[in-house]
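The entries follow in the order in which I looked.

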Amino acid sequence: MQQPWGPLLAFYFVAIGVPSGLTLAALWHRNRWPQHPGRVERWTIWTALAVLLVASVVLVVDLGRPAGFFLMLTRFDNLGSPIAIGAKIIAVKVFVLAVAAYLLRRRHGPGDVPLRPGNAAARVLDTAVVWLLGITSLALAVYPTAVLARAWFVPLADTSGAALIFLLTALLMGAAGLLTIHAIGPRTDGAEASRAEADGHGAAGDGDGSPGRADDGPPGGAGGGPRDGAEQVRRGVRAATLALLATYAVAIAFEGLAVRGNPAAEQALVAAMATTGGALAFWGLVVGVGLVAPAVGLVAAPARRWVQLGAAAAIVVGASAGRYLIFTVG
Amino acid sequence: MLIDLNTCIGCHACSVACKAEFDVPLGVFRDTVKYVEHGSYPHATRHFVPVLCNHCEDAPCLDACPTDAISRQPGGEVLINEGDCNLNRFCMAACPYGAIYEDPDKHVAQKCTLCSHRTEQGQQPACVDACPTNCRIFGDLDDPDSEIAKRAAAQPTAVWKPAAATFPRVLYIDPRGALPLIETDGVQVDLLAELSGE
């Protein structure tokens with residue numbers, strides 16, 4: 001049989017998780033700390049847009065007739081085709097992300113200052129954009145499973161845990177994005193969040209308004225003031241990342257059990273694990289780099305900036321390896 | 001279509017006729033004959049199994065195509081409209097039989113059409129006409145008076161990869177159980193193997 005899909009599609013199915021994860025992580029971050037300035041949203045929106053556009057270009061380049069790509073967007077006769085639905089969702093999400101970027105610029109303006117409240121129409125539009133972003137991101141996070149489960153050469157995608165793994169790896173990529181954003185650049189958003197919290201809850205600040213640094217304070221962020229608020233945001237992101245890593249570990253374990261009930265998937269998995277490359281990819285990249293290393297780093301040295309950056313990179317590598325393995329095993 | 005594996009001799013006349021009819025490029029097939037060796041000396045045997053698009057009732061390729069380029073004809077044939085195909089290869093990924101290939105010249109997905117251009121004019125498909133042992137019977141399975149319906153009713157029939165639940169419309173008379181032996185490509189002869197001559 002001709003192998004229909006190659007490395008380009010493997011890259012596509014790995015990369016398509018990044019914008020979903022970033023958007024969902026940004027929505028969670030915005031809901032958890034609503035008074036923060038728009039740096040997290042701005043980074044995640046533009047990164048998600050860039051990755052979506054790159055993934056779309058890859059998808060088009062992989063076509064035997066790239067000029068016919070528009071047919072996947074303009075034909076609505078076969079809505080049972082997951083890849084047709086996915087192409088349309090990608091188009092919708094790109095548009096909604098562009099609207100979100102515009103709204104953010106209107107509300108936020110240049111510099112790191114708190115978001116300005118809009119008028120009633122703007123708030124309605126903003127709410128609609130948030131819901132659309134959430135729905136399209138969730139759909140794109142699990143849509144590779146719907147596509148790959150129909151492919152005869154991807155038996156692992158046709159298991160009960162595959163959708164959960166695709167969702168969790170997308171969320172982990174988003175969490176890695178948040179870790180990176182909080183680890184690099186100025187630490188003003190935490191300070192602003194702390195000011196907002198201080199305004200709202202009467203907490204005392206240190207008065208100078210200087211941004212706290214993760215690596216110049218004691219681990220755990222003990223103390224009061226802006227530094228404490230900034231640390232609170234970072235601690236929340238770290239805790240969420242650790243929770244996702246734990247859930248991912250459980251999902252992988254349950255996927256192992258689910259595979260045992262699927263002879264084709266079990267056969268493919270055993271064959272893949274019997275090879276040095278497959279075993280190294282799973283135990284080395286997915287488990288070692290993607291799960292154990294970031295978890296240990298975030299628990300042992302949570303306040304270190306380089307640990308957060310390293311953990312973020314490791315999570316992206318591990319999650320990508322997990323998605324790639326599901327695509328290639330078989 | 002009904003294929004009687006009792007009478008197939010693996011001559012590839014069907015493959016050649018199909019290649020000639022559609023000018024199929026080298027290296028790909030719309031219709032071919034798989035062969036598999038089974039058993040051990042002194043009971044070793046070789047089975048020949050002609051394979052082609054099964055024109056399934058629940059065709060995965062038809063459901064998979066994002067551009068709606070694949071359609072079912074009134075006679076049950078599943079056909080690819082070349083003009084609407086952008087070669088995303090999702091149909092190839094969805095087909096458990098590997099019946100769809102990428103035409104390197106036209107840059108479209110291609111497969112067996114059951115020679116609809118011939119059958120519309122009352123002719124038989126090229127592979128059926130070419131078969132020297134008449135192991136292929138083409139006709140309307142829903143017509144109880146047709147030869148194919150009578151043969152299918154008279155003998156037990158099987159389909160390739162029944163676990164895929166696609167309900168193929170290419171049936172086989174397979175008394176020696178050859179179909180399960182070609183479930184994977186690995187059973188075919190390794191042409192690179194060195195023969196010891198023992």
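**Entry 1. The contact between the chains**

I began with the contact, which takes 23 residues from chain A and 22 residues from chain B. I note here that the model is predicted. On the side of chain A that touches chain B, two elements give two or more residues: helix 4 (70-74) and helix 5 (82-108) of chain A. Helix 5 of chain A supplies the largest share of that side, three residues. I then sorted the side of chain A that touches chain B by class and got 13 nonpolar, six polar and four charged residues.

**Entry 2. Chain A overall**

I looked up the secondary structure of chain A and found 12 helices and zero strands. Chain A has 330 residues, and buried residues make up 43% of them. I also looked at sequence separation in chain A: of the contacts with a separation of 6 or more, 77% are between residues 24 or more positions apart.

**Entry 3. Helix 1 against helix 12, chain A**

I took helix 1 (residues 7-15) of chain A and helix 12 (residues 305-328) of chain A, whose axes come within 9 Å and cross at roughly 135°. That angle makes helix 1 of chain A oblique to helix 12 of chain A. I logged the crossing of helix 1 of chain A with helix 12 of chain A as right-handed. Helix 1 of chain A makes the contact through A:Ala10, A:Phe13 and A:Val14, and helix 12 of chain A through A:Ser320, A:Arg323, A:Tyr324, A:Phe327 and A:Thr328. By class, I have five nonpolar, two polar and one charged residues in the contact of helix 1 of chain A with helix 12 of chain A.

**Entry 4. Helix 3 against helix 7, chain A**

Next I looked up helix 3 (residues 39-62) of chain A and helix 7 of chain A, which pack at an angle of about 130° with their axes 10 Å apart. Helix 3 of chain A and helix 7 of chain A are therefore oblique to each other. Their crossing is right-handed. The residues of the contact of helix 3 of chain A with helix 7 of chain A divide into four nonpolar, three polar and one charged.

**Entry 5. Nonpolar cores**

Which residues touch the most other members of the largest nonpolar core? I found A:Leu172, B:Cys61 and B:Cys91, in a core of 129 residues. Helix 7 (residues 162-183) of chain A gives the largest share of this core, 16 residues. I noted a second, separate core of five residues, among them A:Phe282, A:Leu285, A:Val286 and A:Ala321.

I followed up B:Cys91. Leaving aside neighbours within four places in sequence, B:Cys91 is in contact with B:Cys61, B:Ala64, B:Cys65, B:Ile70, B:Ile100 and B:Ala109.

**Entry 6. B:Cys65**

B:Cys65 sits in the loop between helix 2 (60-64) and strand 4 (70-72) of chain B. Is B:Cys65 buried or exposed? I put B:Cys65 down as buried, because it has 31 C-beta neighbours inside 10 Å. Not counting residues up to four places away in sequence, B:Cys65 touches A:Asn78 and A:Ser81 in chain A, and B:Ile70, B:Phe90 and B:Cys91 in chain B. I also checked B:Ser146, which is 81 residues from B:Cys65 along the chain; their C-alpha atoms are separated by 33 Å.

I placed B:Leu5 in the loop between strand 1 (2-4) and helix 1 (13-22) of chain B. B:Leu5 is partly exposed, because 19 other C-beta atoms lie within 10 Å. With residues up to four places away in sequence not counted, B:Leu5 touches B:His47, B:Val49, B:Tyr172, B:Ile173, B:Asp174 and B:Ala178. B:Leu5 and B:Asp174 are 169 residues apart in sequence, yet 5.6 Å apart in space, C-alpha to C-alpha.

I then went to B:Gly177, which lies in the segment after strand 9 (171-173) of chain B. From B:Gly177 to B:Leu5 I have 172 residues in sequence and 9.6 Å in space, C-alpha to C-alpha.

How values were computed: Residues numbered from 1 in each chain as written. Chains lettered and ligands numbered in written order. Predicted model: local features only at pLDDT ≥ 70, side-chain atom pairs only at ≥ 80, totals over all residues. Axes fitted to C-alpha atoms, helices over the stretch in contact; angles between N-to-C directions. Helix = DSSP H or I, 4+ residues; strand = E, 2+ residues; numbered from the N terminus. Parallel < 35°, antiparallel > 145°, perpendicular 65-115°, else oblique. Left-handed = near helix turned anticlockwise from the far one by under 90°. Contact = placed C-beta atoms within 7 Å. Nonpolar A, V, L, I, M, F, W, Y, C, P; charged D, E, K, R; others polar. Core = buried A, V, L, I, M, F, W, Y, C linked by C-beta atoms within 7 Å. Buried ≥ 20, exposed ≤ 12 C-beta atoms within 10 Å, placed from the backbone.
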